[in-house]
Structures are given as C-alpha cells and as structure tokens.
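Here is a note on the structure you asked about. Please look at the sequence and the 3D view before reading the points.

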Amino acid sequence: MNEQLVATQLFCVNGLKAVVTRGGTGIGLMITQALVANGADVYITGRRKEALDTVVEKYSGKGGEKAGKIYAAPADITSKDDLQRLVKEIWDKGPDGIHLLVNNAGIAPEKETTKFSEDKEIDFTSAESFFTAAAFVPLLAIGGKKQKGYSSSIVNIASIAGILKNSSSGQFAYATSKAGFIHLTKMLGNYLSQTKIRVNCIAPGFFPSEMTAGSSNENQKSVLEGVGQRLPAHRSGDDADMVAAILYLAGPGGVYLNGQILVPDGGKQFTYTRKIIIHLRKLPGALLTSPSSM
C-alpha cells in the first residue's frame, strides 16, 4: 500500500528520455548527470561539439547500476532550421518520443551595471525558449502517452534574477529576460495543459557555471570561490541541490505541478528582505520599530 510513497518511486526517472539544451557545462551538465545517474537517457545539445563529446566520455553510463546514456547532439538552437534538424534527428533515433525537455537558455553579456544590453537579449531568451519548446511538443506528447499516470514535462532554467529587484548586480537586460522567461513558463503551462505536457521552472540563485565562474575545467565543471557566504546557507549551490530540484520536477512526485517556479537560492530572497528592514530602521521617524522597543 505504501510502495508509491517510497522516495525511489517518487523521484524515479529510470527509463525516461530527455533533451537538455546547453547540457555540456554548468547547470545543464548538473541536470544531465542527475538524470543519467538515475537511469535516464539524455541528449545534450550545444554549439561546442568538443564540450559535448567530453561530457559523453566522462559521464555517460556513470552512476548507479542502471545508469543511462548520454548522446551528443550538436546544434545551434537559436537557428530554427538547426532546431528542426535536431528534432528530426532525435525523432529518427527514438520514435517513441521523449519525456523531458530542459530549456537551459540565456547569457549575461552586460559588463556595466548602468548599461542596457544592445543585443536584444530579452527577445532572444524568450524567443529561443518558446521555439525550442514548440519544436519538441510532438515528441513530448508521444512520450507522455507511454507511461500510465505520468505526463511529460518541460523544465525551464531561468534565474532568481527574474524574481528579485536588486539581483544580478544591476544587469537590467539579463534580469528582465529571466522575468519574461518565468512568465513564459506559466503561459506555456496553461497553453499546453490540454496536451498533457507540464511546464515548470527552476530559478536558481548562485550556482557554478561558465557564466558565473568565468570558465570550466577539464571535466567541464566550474568552481565558485567565496560566493554565497552571506546567504543563510553560507555557500553557493552545488550539484546535489540541482539534482534534488530536477528529480522532483521530472519524477512521478512532480506530476501534480504545472506552471510552478522552484527557487533553490540558499535563502537569497530572505537576505533581500533583511536588507530592506535594515534600511528602513535607519530612516528618520522610526518607520519600522524594532521588536525590542515594542
């Protein structure tokens, strides 16, 4: 009677097929490792073939006894033609469809906090993510019909920058693009609800990636030094934090979630609130009374 309540059942992704865009480094690689280690087969995309090949060499088949495989599928998903080619390639290899699409998009080109990006990043992130989701809908719909009681899903990887007004160090275009990406998640979740495809989002705080750390090592891994010490968690995010998030959303335990935003941030939202309280206490007129004086 309690078998469905066991953690290995709730977060089981064994036998699933997934596509992870930008799966060669950073958060995309963390998610790829999580899925493969727990029995899923994963197609990773990206423009750097050598990075994808390194991931296949080092991480494919690694994990538990039933670890899945990684397949490199180089593609420029900003190109509609290349995106359609990618979908056809995966369709030809597996006509039974896929169960998960991880939409891992976006960069932060701004170097000056007062400068608004000139490369139309807001349009770029939303458009790329929308067209990628739309292209894989047929494969997701097919895959979702193969398992009773399970529905395929799209997981968008945004950022806490799209939630907090003071985050991203003033990078206006990046933060605004992520806010739009989060709203796109909700719109797609509503629009695709009748197709039995769920759409959720992970909006992470500080996690190591080539964008946040500036580089990656020979294992395609990045390291953040001294970041996150002021958070309640006293550290930045790591592989295990992202693994827990994706297994929750992709596994059977997440089938009741649609249009939801998961925020693994180490408590960054609370530090933002604390800064506001400290600031208000410094204002004249005692706009905010401390508990000790009440």
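The points below go from the whole chain to the sheet, then to one strand and some helices.

1. Overall content. This is a predicted model. The protein contains nine helices and seven strands. Of its 294 residues, 46% are buried. The accessible surface is about 15,200 Å², and carbon and sulfur atoms hold 56% of that area.

2. Contacts along the chain. Take the contacts in the protein with a separation of 6 or more: 73% of them are between residues 24 or more positions apart.

3. The sheet. In what order do the seven strands lie in the sheet? The order is β3-β2-β1-β4-β5-β6-β7, the sheet is open, and the pairing is parallel. Its edge strands are β3 (70-72) and β7 (261-262), each of which pairs on one side only. As background, strands of a sheet pair through backbone hydrogen bonds, either parallel or antiparallel.

4. Strand β5 and its partners. Strand β4 (residues 100-104) runs parallel to β5 and is joined to β5 by five bridges. Across this pair, L100 is opposite S153. Five bridges also join β5 to β6, again in parallel.

5. Burial of β5. Is β5 largely enclosed or open to the outside? Five of its five residues are buried, so the rest of the structure largely encloses this strand. The side chains can be sorted by direction: S153, V155 and I157 point one way, while I154 and N156 point the other way. The residues of both groups are buried.

6. A closer look at S153. This residue belongs to strand β5 (residues 153-157). Why does S153 count as buried? Its relative accessibility is 1%, and the cut-off for buried is under 20%. Apart from neighbours within four places in sequence, S153 is in contact with H99, L100, L101, L140, I197, R198 and L249.

7. The β7 edge. Strand β6 (residues 198-202) pairs with β7 in the parallel sense, over two bridges. In this pairing I202 is opposite L262. β7 is one of the edge strands, so to speak the end of the row given in point 3.

8. Helix α2. This helix covers residues 26-37. Ten of the twelve residues are buried, so α2 is mostly covered. Among the buried residues are G26, I27, G28 and L29, and A34, L35 and V36 also belong to that group. Just after the helix, G39 has a positive phi of about 100°.

9. Helix α6. The 20 residues of α6 (residues 172-191) reach 28 Å from the first C-alpha to the last. This is close to the 28 Å expected at 1.5 Å a residue. Its buried residues include A173, Y174, F181, I182, L184 and L188.

10. Helix α3 against the sheet. Which strands does helix α3 (residues 49-59) lie across? The helix lies across β2 (41-45) and β3, and runs at about 160° to β3. Of these two strands, β3 is the one listed as an edge strand.

Terms used. Residues numbered from 1 in each chain as written. Predicted model: local features only at pLDDT ≥ 70, side-chain atom pairs only at ≥ 80, totals over all residues. Heavy atoms only, no water. Helix = DSSP H or I, 4+ residues; strand = E, 2+ residues; numbered from the N terminus. Buried < 20%, exposed > 50% of the residue type's maximum accessible area, 1.4 Å probe, protein only. Contact = heavy atoms within 4.5 Å. Areas by Shrake-Rupley, 256 points an atom, 1.4 Å probe, with all protein chains shown as cover. Expected span 1.5 Å × (residues − 1). Pairing = 2+ DSSP bridges. Axes fitted to C-alpha atoms, helices over the stretch in contact; angles between N-to-C directions.
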